[in-house]
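Here is a short briefing on one protein model. Look at the structure first, then read the points by topic.

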Amino acid sequence: MFHFIWYILVGLIAGFIGKSVMHVHMTLFWTIVLGVLGSILGGAITHIFSRPTNERFHPAGLIFSTLGAILVLFMCHKLKIHFPPIH
């Protein structure tokens with residue numbers, strides 16, 4: 001249960017930083033989804049180059065989660081995928 005909460009918290013932070021850098025307005029739900037997708041993408045990239053010593057934590061997790069969120073937003077921008085507006 002704690003891992004699920006941790007994924008949401010890291011996703012929220014990474015998504016918030018990513019959307020701030022890319023100047024995108026989206027709801028809290030989509031910010032968390034963006035951050036989780038960025039975490040998956042960033043985690044996959046870091047695991048290709050450097051495996052964590054313990055299987056629970058990678059030291060560059062939040063950094064690469066944020067970079068992954070920025071990459072997801074960049075790809076959405078290039079593919080003209082828009083998020084629902086804030087009401």
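The largest nonpolar core holds 6 residues: Met-26, Leu-34, Ala-69, Val-72, Leu-73 and Cys-76. A nonpolar core is a set of buried Ala, Val, Leu, Ile, Met, Phe, Trp, Tyr and Cys residues joined through side-chain atoms within 4.5 Å. Buried means under 20% relative accessible area, exposed means over 50%, and partly exposed lies in between (1.4 Å probe, protein chains only). Helix H3 gives this core its largest share, 4 residues.

The model is predicted: local features need pLDDT of at least 70, side-chain atom pairs count only at pLDDT 80 or more, and totals for chains, interfaces and linings use all residues. Residues are numbered from 1 along each chain as its sequence is written, and side-chain values use heavy atoms, with hydrogens and water left out.

**Overall layout**

- The protein has 3 helices and 0 strands. Helices (H or I, at least four residues) and strands (E, at least two) are DSSP runs, numbered from the N terminus.
- Along the sequence, the pattern reads α-α-α.
- Of the 87 residues in the protein, 28% are buried.
- The protein exposes about 6400 Å², and carbon and sulfur atoms supply 76% of that area. Accessible areas come from the Shrake-Rupley method with a 1.4 Å probe; for residues, only the protein chains shown count as cover.
- Take the contacts between residues at least 6 apart in sequence: 68% of them join residues at least 24 apart. Contact means heavy atoms within 4.5 Å.

**Helix H1**

- Helix H1 covers residues 2-22, which is 21 residues. At 1.5 Å a residue it should span 30 Å, and its end C-alpha atoms are 30 Å apart, so the two agree. The expected span is 1.5 Å times one less than the number of residues.
- Which residues of H1 are buried? They are Val-10, Gly-11, Ala-14, Gly-15, Gly-18 and Lys-19. These residues cover an arc of only 155° around the axis, so they sit on the same side of H1. The arc is that of the directions from the helix axis to the C-beta atoms.
- The buried residues of H1 pack against helix H2 (28-49) and helix H3 (61-78).
- Phe-2 and Phe-16 are exposed, on the face of H1 turned away from its buried side.
- His-23 follows H1 and has a positive phi, near 55°.

- Lys-19 lies in H1. Is Lys-19 buried or exposed? Lys-19 is buried, because its relative accessible area is 15%.
- Thr-31 has its place in helix H2. With a relative accessible area of 2%, Thr-31 is buried.

**Aromatic pair**

- How many aromatic pairs does a search of the whole structure find? The search finds 1.
- The rings of Phe-29 and Trp-30 have centres 5.3 Å apart and planes at 75°, so this pair is edge-to-face. Rings of Phe, Tyr and Trp (its six-membered ring) pair if their centres lie within 6.5 Å; planes under 30 degrees apart count as stacked, over 60 as edge-to-face and the rest as tilted.
- Phe-29 counts as exposed, at 54% relative accessibility. Trp-30 is partly exposed, with a relative accessible area of 30%.
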